[in-house]
Amino acid sequence: MSIFTPTNQIRLTNVAVVRMKKGGKRFEIACYKNKVMSWRSGAEKDLDEVLQTNSVFVNVSKGQVAKKDDLSKAFETDDTTEICKQILAKGELQVSDKERQSQLETMFRDIATIVAEKCVNPETKRPYTVSLIERAMKDIHYSVKANKGSKQQALDVIKQLKDSMQIQRAHMRLRLVLPAKEGKRLKEKLKHLVKVVESEDFDEQLEMVCLVDPGCFREIDELIRCETKGRGSLEVLSLKDVEEGDERL
């Protein structure tokens, strides 16, 4: 007597499930534990390190694989790798309450650490401690979003904390060297991107040492490269303009 085994069943163990509802149906993918958050934060780039299998399921725990027609209708593609990426990005990670709480606490700490590394008190230029940022985040009742990367949330936190404390991203110190012909014109174009001009020397060329917001670095770099056709230069003197010692509230 032969035993019938359904061909659309796959059994997996020690699995983290990411679930997504689309087109009125439920779809799940089977991932390795701890890898989903690494993928979402950008720390893990290799999809094979995240997925136990690139099959898409209706129910991972029962091993029921989703039908191709259902996948095509819901996702408008039959590329399972692309579908897995969509579910990874937007789906809900299924974890126990204890695991979820632990993940959120770790993420809360990670976000506070990033904020502390990037920011200073603008008046004293001193950095804040991680524990002080954590307290400030609790004071504004910041709620961690498990499906959003820590870096992106840290930028959100900085914006929100500005309403309740003296905080800003630490400025970068740059040296800009511009050809004499374009110096005056470029200085005018750079005006709105530069926070503080610390020194300026106009001889055969214009040399400026200035402080800028890190978010403006790429724009300044592109402006100098394009406008001077490679004859100007930009040098990072320090990534953070910071005074020694920690800030205390």
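## Contacts and overall form

Among the contacts in the chain with a separation of 6 or more, 66% are between residues 24 or more positions apart. The model is a predicted one. Its secondary structure consists of eight helices and 11 strands. The radius of gyration is 25 Å, whereas the globule rule gives 18 Å for 249 residues, so the chain is more spread out than a compact globule. Along the principal axes, the C-alpha atoms fill a box of roughly 95 × 45 × 25 Å.

## Surface, burial and charge

The chain has an accessible surface of about 15400 Å², and carbon and sulfur atoms contribute 46% of that area. Of its 249 residues, 38% count as buried.

The chain carries 45 positive and 41 negative charges. The mean position of the positive charges and that of the negative charges are 5 Å apart.

Glu-44 sits in the loop that runs between α1 (35–41) and β3 (57–59). Is this residue buried or exposed? Its relative accessibility is 15%, and buried means under 20%, so Glu-44 counts as buried.

The side chain of Glu-44 makes a polar contact with the side chain of Lys-35, at 3.1 Å. Leaving out residues up to four places away in sequence, Glu-44 touches Lys-35, Ser-38, Trp-39, Glu-49 and Val-50.

## Met-172 in strand β8

Met-172 belongs to strand β8, which covers residues 172–179. With a relative accessibility of 7%, Met-172 is under the 20% cut-off and so counts as buried.

Which residues are in contact with Met-172, apart from its neighbours within four places in sequence? They are Cys-210, Leu-211, Val-212, Pro-214, Phe-217, Val-236, Ser-238 and Leu-239. One of these, Pro-214, is 42 residues from Met-172 along the chain, yet the C-alpha atoms of the two are separated by 6.0 Å.

## Helix α5 and its cover

The buried residues of α5 are Leu-132, Ile-133, Glu-134, Ala-136 and Met-137. Helix α5 itself spans 130–139. Which elements are included in what covers these buried residues? Among them are α4 (97–118) and α6 (150–161). Just after α5, His-141 takes a positive phi of about 55 degrees.

## Two lysines with positive phi

Lys-125 is not a glycine, but has a positive phi of about 60 degrees. Its place is in the loop between β6 (119–120) and α5 (130–139). The relative accessibility of Lys-125 is 27%, and the residue counts as partly exposed.

Lys-229 also has a positive phi, of about 50 degrees, although it is not a glycine. This lysine is found in the loop between α8 (217–228) and β11 (233–238). How does Lys-229 count at 70% relative accessibility, buried or exposed? The cut-off for exposed is over 50%, so Lys-229 counts as exposed.

Terms used
Residues numbered from 1 in each chain as written. Predicted model: local features only at pLDDT ≥ 70, side-chain atom pairs only at ≥ 80, totals over all residues. Heavy atoms only, no water. Helix = DSSP H or I, 4+ residues; strand = E, 2+ residues; numbered from the N terminus. Rg over C-alpha atoms; globule rule 2.2 N^0.38 Å. Buried < 20%, exposed > 50% of the residue type's maximum accessible area, 1.4 Å probe, protein only. Contact = heavy atoms within 4.5 Å. Areas by Shrake-Rupley, 256 points an atom, 1.4 Å probe, with all protein chains shown as cover. Lys, Arg positive; Asp, Glu negative; His and termini not counted. Charge placed at Lys NZ, Arg CZ, Asp CG, Glu CD. Polar contact = N/O pair within 3.5 Å; in protein donor to acceptor, adjacent residues only side chain to side chain.
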